[in-house]
Amino acid sequence: GFTPFRFDYVGRYNIATASLNLQDSEKFKLSVFSGYNFEQQDFPWQDITIRFSFQPTNSFLFYTATGYDVNRSQWRTLINQIRVRARDRFRVDMGTRYDTIREQLAQARVVLDSALGPKMRLQAVSDYNGFTKQFDYSSVMLTRDLHCWEASLTYINQGGFYQNEG
C-alpha cells in the first residue's frame, strides 16, 4: 500500500564497484574497495575503503580500517582494534577511533574478561571520550561461581548525558 516515507522508495542508482582482496591464509588480510555512482551528480565516488588485519596466532589479532572520501579529498575516521585471547581464561579487546578531520582521538575502549582462579571471574569495561576528555563509562564486575548460583559484585560509573554511579 501507500507509504509517505522516503526510505520506502528505491532511489535511482547505477553503480560500478571494484575491490582488491589479498589474503595470506588467516594471518594476513588486506582489502581495498570503492565504487562510482553514475546517477549521482554531486558526489559520484564512493569512499575508497582500506581494511587490514594481522592474526599471527589464534590468540592475537590486530585490525585497522579507514577510508578516503574522493569527493571531498579527506580521510575518514581511522579505526584500530587489538584482541588478545588465552582460551576462556583471559580476554582483552582494545579499540580506538581517531578523528582525522579534528586530528584527535575520538574514542578508546578496553574490555577485559579474566578468570581469577577456578571459581572467580573479573570483567571490566572502560570507554574514553576524546572530545570531552572524560570516561563516558567504566564498570567492574567480580563474579564467584557458587555451583548452582553465581554471586556478582558490580561497580558502574557512567558519565555523559545519563550519569549514574554505584
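1. Which residue is the bridge partner of S31 in β3? That partner is R51. Keep in mind as you look that this is a predicted model. The pairing belongs to a set of six bridges that join strand β2 (residues 28-37) to strand β3 (residues 48-57), with the two strands running antiparallel.

2. Now follow the chain onward from β3. A hairpin of two residues takes you from β3 to β4, and β3 pairs with strand β4 (residues 60-69) over eight bridges, again in the antiparallel sense. Here F54 stands opposite F62 in β4.

3. Next, have a look at the aromatic rings, which form six pairs in this structure. One of them is F28 with F52: the ring centres are 5.4 Å apart and the planes meet at 65°, so it counts as edge-to-face. This pair links distant parts of the chain, with F28 in strand β2 and F52 in strand β3, 24 residues apart. F28 is partly exposed at 29% relative accessible area, and F52 is partly exposed at 23%.

4. Y36 and W45 make another edge-to-face pair, with centres 4.7 Å apart and planes at 75°. Y36 is partly exposed at 25% relative accessible area, and W45 is partly exposed at 43%.

5. R72 lies over the face of F43, 4.4 Å from the ring centre. The charged end of R102 sits over the ring of F131, 4.2 Å from its centre.

6. Finally, the largest pocket holds about 220 Å³ of space. It has 14 lining residues, and those closest to its centre are Q81, M94, G95, T96 and R109. The lining divides into five nonpolar, five polar and four charged residues.

Conventions:
Residues are numbered from 1 along each chain as its sequence is written. This is a predicted model: local features need pLDDT of at least 70, side-chain atom pairs count only at pLDDT 80 or more; totals for chains, interfaces and linings use all residues. Side-chain values use heavy atoms; hydrogens and water are left out. Two strands pair if DSSP finds at least two bridges between them. Helices (H or I, at least four residues) and strands (E, at least two) are DSSP runs, numbered from the N terminus. On a 1 Å grid over the protein atoms alone, a cavity is a set of points where a 1.4 Å probe fits but cannot get out, and a pocket is an open set with protein on both sides within 12 Å along at least five of seven lines; lining residues have an atom within 4 Å of a point. Grid points are joined across faces, edges and corners, and a volume is the space filled by probe spheres set on the points. Ala, Val, Leu, Ile, Met, Phe, Trp, Tyr, Cys and Pro count as nonpolar, Asp, Glu, Lys and Arg as charged, and the others, Gly among them, as polar. Rings of Phe, Tyr and Trp (its six-membered ring) pair if their centres lie within 6.5 Å; planes under 30 degrees apart count as stacked, over 60 as edge-to-face and the rest as tilted. Buried means under 20% relative accessible area, exposed over 50%, partly exposed in between (1.4 Å probe, protein chains only). A charge sits over a ring if NZ of Lys or CZ of Arg is within 6 Å of the ring centre and within 35 degrees of the ring normal.
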